Amino acid sequence: MLKRLTTVLLIVFAVTLQGCVGGGGGLQAYADQYSGYEFMYPTGWVEVNVPGAADVVFHDIIHETENISVVISDVPEGKDLDALGTPTEVGYKLSKSFSALSGDDSSVDLLSAQRINTVDDKTYYILEYLADLPAGPRHNLASAIVRRGKLYTFNASTDEGRWEKVRDLMKQSVASFKVS
């Protein structure tokens with residue numbers, strides 16, 4: 001009798017744990033109705049206040065340098081994403097601005113750049129970078145779109161050493177970024 005009870009409890013415990021791990025793929029929703037964007041971010045991450053740096057920033061509570069952010073910038077009136085350049089040109093320009101912000105002892109290389117057109121006729125550029133910073137190499141994924149005279153850039157960043165572990169989660173998060 002005790003063996004059966006123990007077996008049943010172990011099965012219930014295993015099913016409960018499996019239910020906690022499965023579900024939404026480890027992501028939860030965030031939406032900013034005022035600025036008009038939404039995305040999915042890894043479960044367990046927290047929003048942090050970084051004044052002046054970004055519209056919103058989330059980071060992992062364990063690996064605090066692992067983060068996602070949304071930056072909103074002005075673009076010249078009447079310009080859309082195509083007018084700013086091809087995915088590679090825009091990616092290259094952004095890599096140069098990242099390098100300038102990071103300081104003289106860093107370099108940012110554009111690894112890939114692609115154009116995505118959505119069903120509702122919006123154009124996003126998906127960009128992948130490897131940044132060699134004084135603190136160590138970082139892997140970054142970004143999604144960029146121009147809407148309502150603004151460039152919205154969603155960036156996901158992690159230490160290169162953790163990239164293989166979090167790559168799929170970061171890609172899902174970047175792919176979920178939508179601007180209305």
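Predicted model: local features only at pLDDT ≥ 70, side-chain atom pairs only at ≥ 80, totals over all residues.

Colleague: How many helices and strands does the protein have, and in what order do the elements run?

Modeller: One begins by listing the elements. The protein contains four helices and 10 strands. Read from the N terminus, their order is α-β-β-β-β-β-α-α-β-β-β-β-α-β.

Colleague: What share of the residues in the protein is buried?

Modeller: Of the 180 residues, 37% are buried. The protein exposes about 10800 Å², and carbon and sulfur atoms supply 57% of that area. As for contacts between residues at least 6 apart in sequence, 45% join residues at least 24 apart.

Colleague: Which residues of helix 4 are buried, and what covers them?

Modeller: The general idea comes first. An α-helix has 3.6 residues a turn, so residues three or four places apart point the same way. In helix 4, the buried residues are Trp-163, Val-166, Met-170, Ser-173 and Val-174. Their cover includes strand 1 (27–32), strand 2 (37–42) and strand 5, as well as strand 7 (123–133), strand 8 (136–147) and strand 9 (150–159).

Colleague: Where is the kink in helix 4 centred?

Modeller: Helix 4, residues 163–175, has a kink of about 30 degrees centred on Leu-169.

Colleague: Which residues form a nonpolar patch on the surface?

Modeller: Val-46, Ile-61 and Ile-62 form such a patch, and together they have about 290 Å² of accessible area. Of these residues, Ile-61 lies in the loop between strand 4 (56–59) and strand 5 (67–74).

Definitions and conventions:
Residues numbered from 1 in each chain as written. Heavy atoms only, no water. Patch = residues over 30% accessible without salt bridge, like charges linked within 9 Å, V, L, I, M, F, W, Y side chains within 5 Å. Areas by Shrake-Rupley, 256 points an atom, 1.4 Å probe, with all protein chains shown as cover. Salt bridge = Lys/Arg side-chain N within 4 Å of Asp/Glu carboxyl O. Helix = DSSP H or I, 4+ residues; strand = E, 2+ residues; numbered from the N terminus. Bend = angle between axes of the 7 residues up to and from the residue. Buried < 20%, exposed > 50% of the residue type's maximum accessible area, 1.4 Å probe, protein only. Contact = heavy atoms within 4.5 Å.
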